Amino acid sequence: MNRKFGHIIGNEFLYQIARYLETTFLEGKVYRIGGVEFAVILPFVSEAYSEHCCWEIYDRFHKPWEIRDAAYILQACICDINCRGGKIEALQIVEHLQYMQNLKKEKKGTIIDHFDDEVREKMERRKYLIDRMKQAMKEDGFEVYYQPIYCWSKNAFTSMEALLRMKDTDGTII
C-alpha cells in the first residue's frame with residue numbers, strides 16, 4: 001500500500017481499515033499482524049456466523065475506501081479459520097494465516113477462503129517436507145540419479161540430466 005499510495009496515504013488507508021474492523025466486530029479483537037495484514041479474532045458462534053462475517057468483509061472491500069481526494073477499491077484475501085473444540089496458540093493462527101496468504105497470492109481480486117482439514121493437511125505436508133529437506137542436507141540424505149537424453153536426429157545419447165532425490169526417514173524416496 002505504501003508503494004502504491006505513499007506512506008502517509010497508505011497508512012491512512014490502513015487506519016481506516018482497522019477502524020472498520022474494530023467497529024464492525026465489537027465482540028472480537030482486531031490485530032495488525034503484518035504490513036497490510038489484519039486478523040479479527042471472534043468467538044465461535046456457528047459456521048453460518050463465520051460465513052456471514054467473511055461476507056461482510058468481502059462486501060466492504062468491494063466498495064471504495066476514501067482518503068482525502070482518493071477513492072480506491074482495495075483487494076483482500078479473507079481467510080476463515082475456525083478453532084472450536086480445542087485451544088490454539090496465537091503463533092499457530094499466524095502460521096495458518098501466512099500459509100493461506102501464500103496460497104492466494106496468485107489469485108486476483110478479493111476472495112474468501114476457508115482453512116479446512118484439506119488445507120491443514122497440505123500445510124502439514126509442506127512443513128514436513130521442509131523439515132525433512134533441512135535434515136537431509138545435514139545428513140547427506142540426497143542421492144543423484146542421472147537420466148540420459150536421447151537425440152533422435154543423431155541416433156545417440158547426447159546429454160543427461162541430474163535428478164536429485166531425497167529419502168524419507170524410512171528409506172523410501174520422496
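Predicted model: local features only at pLDDT ≥ 70, side-chain atom pairs only at ≥ 80, totals over all residues.
**Notebook: helices α4 and α5**

I began with the pair of helices: the axes of α4 (residues 90-104) and α5 (residues 117-139) come within 11 Å and cross at roughly 95°.

Next I listed who meets whom. From α4 I noted E95, H96, Y99, M100 and L103, and they meet V119, R120, K122, M123, R126 and K127 of α5.

Then I picked out H96, which sits in helix α4. Is H96 buried or exposed? I found a relative accessibility of 4%, so H96 counts as buried, the cut-off being under 20%. Leaving out residues up to four places away in sequence, I saw H96 touch I81, I88, F115, R120 and M123. Two of these neighbours, R120 and M123, are also on the α5 list above.

On to α5 itself. I counted 23 residues, with 32 Å from the first C-alpha to the last, close to the 33 Å expected at 1.5 Å a residue. Which residues of α5 are buried? I noted V119, M123, R132 and A136. Their cover includes α4, along with β6 (111-114), β7 (142-151) and β8 (156-166).

Last, I checked both ends of α5. At the start, a side-chain oxygen of D116 reaches to within 3.3 Å of the backbone nitrogen of E118. Just after the helix, I found D140 with a positive phi of about 55°.

Notes: Residues numbered from 1 in each chain as written. Heavy atoms only, no water. Axes fitted to C-alpha atoms, helices over the stretch in contact; angles between N-to-C directions. Helix = DSSP H or I, 4+ residues; strand = E, 2+ residues; numbered from the N terminus. Contact = heavy atoms within 4.5 Å. Buried < 20%, exposed > 50% of the residue type's maximum accessible area, 1.4 Å probe, protein only. Expected span 1.5 Å × (residues − 1). Polar contact = N/O pair within 3.5 Å; in protein donor to acceptor, adjacent residues only side chain to side chain.
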